[in-house]
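Open the model in your viewer and keep the selection tool ready. The stops below go one selection at a time.

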Amino acid sequence: TPAQVLAGSPELCPQASQPNLAGLPPVRVNEDGIPIEAVLIFYEPVDWSAELQVIVDALKGGCPLGSGTCGVGEQAVTVYASNPDFLWQAAYAVPRFGQGAFLECLSALWRRVSGGGALQV
């Protein structure tokens with residue numbers, strides 16, 4: 001999970017808050033030698049900045065993570081998302097941003113760092 005990556009490699013996103021690992025072990029992405037093969041998004045994250053940074057780094061690939069040299073718009077990993085809802089109704093009177101809004105942000109960041117490529121989800 002991004003929380004495991006941030007706990008094991010806090011230098012990836014120094015402004016991130018201390019992640020809640022829920023009993024999972026930290027992952028040192030630049031030392032364990034296990035490549036990230038896909039990004040699975042099952043929920044809209046609490047700390048969008050940190051999760052967007054980790055996901056964009058995974059999309060770029062490379063070692064250290066994020067240093068990859070893919071072609072324009074070429075992703076190093078596949079992204080899978082479980083829910084495209086832009087808004088959802090919570091207990092608050094006005095709908096809240098959902099996973100679709102997070103994907104829009106991720107798409108905009110990917111377009112910018114990849115030289116104009118569309119995010120493939």
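This is a predicted model: local features need pLDDT of at least 70, side-chain atom pairs count only at pLDDT 80 or more; totals for chains, interfaces and linings use all residues.

Residues are numbered from 1 along each chain as its sequence is written, and side-chain values use heavy atoms, with hydrogens and water left out.

**Stop 1: the helix pair**

Select α2 (48–60) and helix α3 (residues 99–113). Helices here are DSSP runs of H or I with at least four residues, strands are E runs of at least two, and both are numbered from the N terminus. The axes of α2 and α3 are 10 Å apart, and the packing angle is about 50°. α2 is therefore oblique to α3. Axes are lines fitted to C-alpha atoms, for helices over the stretch in contact, and angles run from 0 to 180 degrees between N-to-C directions. Under 35 degrees counts as roughly parallel, over 145 as roughly antiparallel, 65 to 115 as roughly perpendicular, and the rest as oblique.

Now show the side chains. From α2, pick W48, E51, L52, I55, V56, L59 and K60; from α3, pick A101, F102, C105, L106, L109, W110 and V113. These two sets meet, where contact means heavy atoms within 4.5 Å.

**Stop 2: F102**

Stay in helix α3 and select F102. Is F102 buried or exposed? F102 is buried, with a relative accessible area of 1%. Buried means under 20% relative accessible area, exposed over 50%, and partly exposed in between (1.4 Å probe, protein chains only). Beyond its neighbours within four places in sequence, F102 contacts I41, P45, W48, E51, L52 and I55.

**Stop 3: V54**

Go to V54 in helix α2. V54 is buried too, at 5% relative accessibility. Setting aside residues up to four places away in sequence, V54 touches P2, V5 and L6. Check the pair V54 and L6: they are 48 residues apart in sequence, yet 7.9 Å apart in space, C-alpha to C-alpha.

**Stop 4: the loop between α2 and β2**

P64 is in this loop. Select C63 with P64: a cis peptide bond joins them, with omega about 10°. Most peptide bonds are trans.

Move on to Q75, in the loop between α2 and β2 (78–81). Q75 is buried, at 17% relative accessible area. Which backbone atoms lie by the polar side-chain atoms of Q75? The backbone oxygen of V77 is 3.0 Å away, and the backbone nitrogen of Q120 is 2.5 Å away. Outside four places in sequence, Q75 has contacts that include L59, W110 and L119.

**Stop 5: S114**

Finish in the segment after α3, at S114. S114 is buried, with a relative accessible area of 9%. A polar atom of its side chain lies 2.6 Å from the backbone oxygen of W110. The S114 side chain also reaches the backbone nitrogen of G117 at 3.1 Å. With neighbours within four places in sequence left aside, S114 is in contact with V72 and G73.

Note on methods
A polar contact is a pair of N or O atoms within 3.5 Å; within protein, one must be able to donate a hydrogen and the other to accept it, and residues adjacent in sequence count only if both atoms are side-chain atoms.
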